[in-house]
Amino acid sequence: MSVALVVSDATSGHDRRDTLISLKDAGKTYDTRSGPVVAVEAVSLDLARGETLALLGPSGCGKSTLLMMIAGLLEPSCGHIVINGAPLSGPIPELGFVFQRDLLLDWRTVLDNVLLPFALIGQDPKRHEQRARLLLERVGLAGFENKRPYELSGGMRQRVAICRALIGDPDIFLLDEPFAALDAFTREQMQLDMQRLSLDKPRTTILVTHEISEAVFMADKVAVMTARPSRIHQIIDIDLPRPRNMKTRETEAFARYITKIHGLFASLGVIRG
Ligand SMILES: Nc1ncnc2c1ncn2[C@@H]1O[C@H](COP(=O)(O)OP(=O)(O)OP(=O)(O)O)[C@@H](O)[C@H]1O
Ligand SMILES: [Mg+2]
């Protein structure tokens with residue numbers, strides 16, 4: 001199913017599709033000692049540059065597997081993945097990844113954790129310090145640059161991990177349930193912070209979540225996934241104006257999307273009344 005955004009090309013007057021991420025029947029079967037486990041059956045989708053897609057599905061349905069394949073960290077067992085017109089054959093530099101656990105280094109300061117990607121490739125982190133400080137400020141962590149991760153709350157740590165994933169200014173941003181361990185208030189704040197972080201540059205983002213309201217609030221498209229072996233059951237366009245704020249959640253349109261997605265999961269037997 002195509003989810004490409006049709007972008008009007010002002011110079012030629014023609015519409016063009018600016019697809020950045022394309023999956024064609026991409027699937028993954030794990031070989032285990034007790035036999036093959038089909039985690040992802042065959043997923044096809046096109047994601048346009050700058051769009052945010054939420055992968056929404058029940059636990060164990062294959063969301064992380066799909067995300068790891070798109071990151072080039074896991075080879076598909078079938079099908080193809082094309083990024084920016086080139087077949088994907090491994091991790092690519094223009095990508096930021098936030099894992100479910102923050103994976104910060106406790107012996108480095110907050111600032112040095114954000115700058116870690118440069119240290120790892122032997123670049124002078126000092127050159128990027130100003131950007132690191134700016135990112136930390138945008139997520140409300142100005143003044144915490146010299147703290148160690150163990151001095152921070154779970155939500156603050158996850159913000160540091162997000163800044164670290166964005167320090168290289170990636171075109172593609174992948175997040176695997178980054179807010180799952182956070183309380184409801186922090187989670188809402190993080191959803192707003194994420195939006196602020198995208199203001200300087202539209203980033204093609206894929207967010208894994210199993211919270212319907214988070215998916216609707218954050219995404220331009222929500223992919224409703226079935227239980228394992230997973231497929232994308234339906235992709236829903238979320239036509240809510242941006243920037244979104246607390247009031248967005250109170251609108252009728254927002255409630256309609258929630259009801260619709262809830263109904264889809266009920267029809268799939270994922271939610272039973
Ligand atoms: N390395 C692996 N080897 C074998 N099976 C695996 C492996 N990784 C995942 N699986 C299986 O593949 C299925 C999908 O796992 P995956 O982690 O992608 O699900 P998920 O949707 O991200 O789940 P959750 O919401 O709980 O994080 C599960 O049944 C899991 O047991
Ligand atoms: Mg997962």
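This is a predicted model: local features need pLDDT of at least 70, side-chain atom pairs count only at pLDDT 80 or more; totals for chains, interfaces and linings use all residues.
1. How much of α5 is covered? Most of this helix is: 11 of its 13 residues are buried. Among them are Gly 155, Arg 157, Gln 158, Arg 159 and Arg 164, along with Val 160, Ile 162 and Leu 166. As for its length, α5 runs over residues 154-166 and reaches 19 Å from its first C-alpha to its last, close to the 18 Å expected at 1.5 Å a residue.

2. Next, have a look at helix α8, made of the 16 residues 252-267. At 1.5 Å a residue, α8 should span 22 Å, and its end C-alpha atoms are 22 Å apart, so the two values agree.

3. Which residues of α8 are buried? They are Tyr 257, Ile 261 and Phe 265. These three cover an arc of only 70 degrees around the axis, which means that they sit on the same side of α8. The other side of α8 holds the exposed residues Glu 252, Arg 256, Thr 259, Gly 263, Ala 266 and Ser 267.

4. What do the buried residues of α8 pack against? Their partners are α7 (212-218), β11 (221-225) and β12 (232-237). After α8 comes Gly 269, with a positive phi near 80 degrees.

5. Now to a sheet. Four strands form an open sheet, in the order β4-β3-β6-β7, with antiparallel pairing. At its edges are β4 (35-48) and β7 (86-87), each of which pairs on one side only. In general, the strands of a sheet pair through backbone hydrogen bonds, either parallel or antiparallel.

6. Strand β3 (residues 19-32) and strand β6 (residues 78-83) run antiparallel and are joined by five bridges. Leu 23, for instance, has Ile 81 in β6 as its bridge partner.

7. Finally, what lies around ligand 1? There are 14 residues around it, and Tyr 30, Ala 39, Lys 63, Ser 64 and Thr 65 come nearest. The shell takes at least two residues from each of β3, β4 and α1 (63-70). Of the elements, α1 gives the most, with three residues.

Methods:
Residues are numbered from 1 along each chain as its sequence is written. Chains are lettered from A and ligands numbered from 1 in the order in which they are written. The expected span of a helix is 1.5 Å times one less than its number of residues. A residue is buried if 20 or more other C-beta atoms lie within 10 Å of its own, exposed if 12 or fewer, and partly exposed in between; C-beta atoms are placed from the backbone. The arc is that of the directions from the helix axis to the C-beta atoms. Two residues are in contact if their C-beta atoms, placed from the backbone, lie within 7 Å. Two strands pair if DSSP finds at least two bridges between them. A residue is near a molecule or strand if its C-beta atom, placed from the backbone, lies within 6 Å of it.
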